[in-house]
Amino acid sequence: GGAVVQITSTQEGPGVSEVWFNREMKNHFSTSIYHEGYLYGFDETIFKCLDAATGDEKWKARGYGKGSLIYAGGQLVVLSDAGKLALVEANPEAHVEVAGAQVLSGRCWTAPSLANGRLYLRSLEEIVCLDLR
């Protein structure tokens, strides 16, 4: 599951209180992304968006397995565990896949990396670099 906690500092010392806890975002390989009040990530094999303030589910989508993701240029760059690359809107209202392509074979358990306009993707068997400039 996942939780949001609040850390405070008082004269008595530091304190921690739970804001919310649920089992709606059980990350396996990839850390969730926080963007403008929402969490985007994987609950096992289900890609989800949660309201970060409440933990309420906003939407969910299948088809990426236990994928990984990064945030870049207002979009989510999602790599499925089977090598499908997708560009998804960072939109809490609906799952909107803007584009997608099969770019790797084999298991993909590493998050995409973006540097100087180049997107690096890796599976257990191969690595690719896509020039996005």
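The legends below describe an overview and several close-up views of a predicted model. In this predicted model, local features need pLDDT of at least 70 and side-chain atom pairs count only at pLDDT 80 or more, while totals for chains, interfaces and linings use all residues. Residues are numbered from 1 along each chain as its sequence is written, and side-chain values use heavy atoms, with hydrogens and water left out.

**Figure 1. Overview of the protein, with 0 helices and 13 strands.** Helices (H or I, at least four residues) and strands (E, at least two) are DSSP runs, numbered from the N terminus. The C-alpha trace spans about 55 × 30 × 25 Å along its principal axes. Of the 133 residues, 39% are buried, where buried means under 20% relative accessible area, exposed over 50%, and partly exposed in between (1.4 Å probe, protein chains only). The protein exposes about 7,500 Å², and carbon and sulfur atoms supply 50% of that area; accessible areas come from the Shrake-Rupley method with a 1.4 Å probe, and for residues only the protein chains shown count as cover.

**Figure 2. The hairpin of strands β1 and β2.** Strand β1 (residues 2-10) pairs with strand β2 (residues 13-22) in the antiparallel sense over 9 bridges, two strands being called paired if DSSP finds at least two bridges between them.

**Figure 3. The hairpin of strands β5 and β6.** Strand β5 (residues 46-51) and strand β6 (residues 57-61) run antiparallel and are joined by 4 bridges, with Cys 49 opposite Trp 59 in β6. Between the two strands lie 5 residues, and in this turn Gly 55 has a positive phi of about 85 degrees.

**Figure 4. Strand β8 and its antiparallel partners β7 and β9.** Because 4 of the 5 residues of strand β8 (residues 75-79) are buried, this strand is largely enclosed by the rest of the structure. Towards β7 (residues 68-72) there are 5 bridges, with Leu 69 standing opposite Val 78 in β8; the hairpin of β7 and β8 has 2 residues between the strands, and Gly 73 in the turn has a positive phi of about 55 degrees. Another 5 bridges join β8 to β9, where the bridge partner of Leu 76 is Val 88, and in the hairpin of β8 and β9, with 4 residues between the strands, Gly 83 takes a positive phi near 95 degrees.

**Figure 5. The largest pocket, with a volume of about 160 Å³.** On a 1 Å grid over the protein atoms alone, a pocket is an open set of points where a 1.4 Å probe fits, with protein on both sides within 12 Å along at least five of seven lines, and lining residues have an atom within 4 Å of a point. Grid points are joined across faces, edges and corners, and the volume is the space filled by probe spheres set on the points. Strands β9 (84-89) and β10 (97-102) each supply at least two lining residues, and the lining includes Val 77, Leu 119, Leu 130 and Leu 132. By class, the lining has 9 nonpolar, 1 polar and no charged residues (Ala, Val, Leu, Ile, Met, Phe, Trp, Tyr, Cys and Pro count as nonpolar, Asp, Glu, Lys and Arg as charged, and the others, Gly among them, as polar).

**Figure 6. Gly 117 in the loop between β11 (113-115) and β12 (118-122).** Gly 117 counts as partly exposed, at 25% relative accessibility. Leaving aside neighbours within four places in sequence, Gly 117 is in contact (heavy atoms within 4.5 Å) with Leu 130, Asp 131, Leu 132 and Arg 133. The C-alpha atoms of Gly 117 and Leu 132 are separated by 5.3 Å, although the two residues are 15 residues apart along the chain.
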